[in-house]
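Here are my notes on this model, jotted down as I went through it. Have the viewer open while you read, and check each point as you go.

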Amino acid sequence: MLPARMVTTAFELPGYRITANLGVVRGITVRSRSVIGNFFGGLQSLFGGNITIYTSLCEQARSETYALMCDHAAALGANAVIGMRYDATDVMAGLTEVLCYGTAVRVEPL
């Protein structure tokens, strides 16, 4: 996996020059909420505040897609990713697609 300092939401990496653009890379996962998760999430929502069971599910999905995107970039020979973004879409009730994407590049120090 690429070091975190080599992945950015910006379109340039300070201190580095882009030498090759290797194209779009992505990581994708589709997650569902379990019956138990829905039950405890529903209980937490009655009291308001942060619904930790859903927060944890979202963080797991983002971490997984980020790692998959970095693996895709490394497989293309990239040593950095620029323009990284997350996106999420409801596929159907209870199923959410989480996508992490960016542009794989090769960089060298200035």
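1. Ground rules. This is a predicted model, so local features need pLDDT of at least 70, side-chain atom pairs count only at pLDDT 80 or more, and totals for chains, interfaces and linings use all residues. Residues are numbered from 1 along each chain as its sequence is written, and side-chain values use heavy atoms, with hydrogens and water left out.

2. Overall fold. Going along the sequence, you get the pattern β-α-α-β-β, that is, two helices and three strands. Helices (H or I, at least four residues) and strands (E, at least two) are DSSP runs, numbered from the N terminus. Contacts are taken as heavy atoms within 4.5 Å. Of the contacts in the chain with a separation of 6 or more, 74% are between residues 24 or more positions apart.

3. Surface and burial. The chain exposes about 6800 Å², and 60% of that comes from carbon and sulfur atoms. These areas come from the Shrake-Rupley method with a 1.4 Å probe; for residues, only the protein chains shown count as cover. Of the 110 residues, 26% count as buried. Buried means under 20% relative accessible area, exposed over 50%, and partly exposed in between (1.4 Å probe, protein chains only).

4. Strand pairing. Two strands pair if DSSP finds at least two bridges between them. S1 and S3 do this in the antiparallel sense over 15 bridges; Ala-20, for one, has Arg-106 in S3 as its bridge partner. S2 (residues 80-92) and S3 (residues 95-109) also run antiparallel, joined by ten bridges. On S3, look for Tyr-101 opposite Arg-85 and Thr-96 as the bridge partner of Asp-90.

5. The hairpin. How many residues sit between the strands in the hairpin of S2 and S3? There are two, and Gly-94 takes a positive phi near 85° in this hairpin.

6. The largest pocket. Its volume is about 220 Å³. Of its 15 lining residues, the closest to the centre are Leu-57, Cys-58, Ala-61, Thr-96 and Val-98. On a 1 Å grid over the protein atoms alone, a pocket is an open set of points where a 1.4 Å probe fits, with protein on both sides within 12 Å along at least five of seven lines; lining residues have an atom within 4 Å of a point. Grid points are joined across faces, edges and corners, and a volume is the space filled by probe spheres set on the points.

7. Who lines it. Strand S1 (16-32), helix H2 (52-75), S2 and S3 each supply at least two residues of the lining, and H2 gives the most, with five. By class, there are eight nonpolar, three polar and four charged residues. Here Ala, Val, Leu, Ile, Met, Phe, Trp, Tyr, Cys and Pro count as nonpolar, Asp, Glu, Lys and Arg as charged, and the others, Gly among them, as polar.

8. Val-81. Leaving aside neighbours within four places in sequence, Val-81 is in contact with residues including Leu-2, Val-25, Met-69 and Val-105. Its C-alpha is 8.4 Å from that of Thr-9, 72 residues apart along the chain.

9. Leu-13. This one is in the segment before S1. With a relative accessibility of 7%, Leu-13 counts as buried. Not counting residues up to four places away, Leu-13 touches Arg-5, Met-6, Thr-8, Ala-80 and Val-107. The C-alpha atoms of Leu-13 and Val-107 are 8.3 Å apart, though 94 residues separate them along the chain.

10. Arg-62. Found in helix H2, Arg-62 is partly exposed because its relative accessible area is 38%. Beyond residues up to four places away in sequence, Arg-62 touches Tyr-86 and Val-98.
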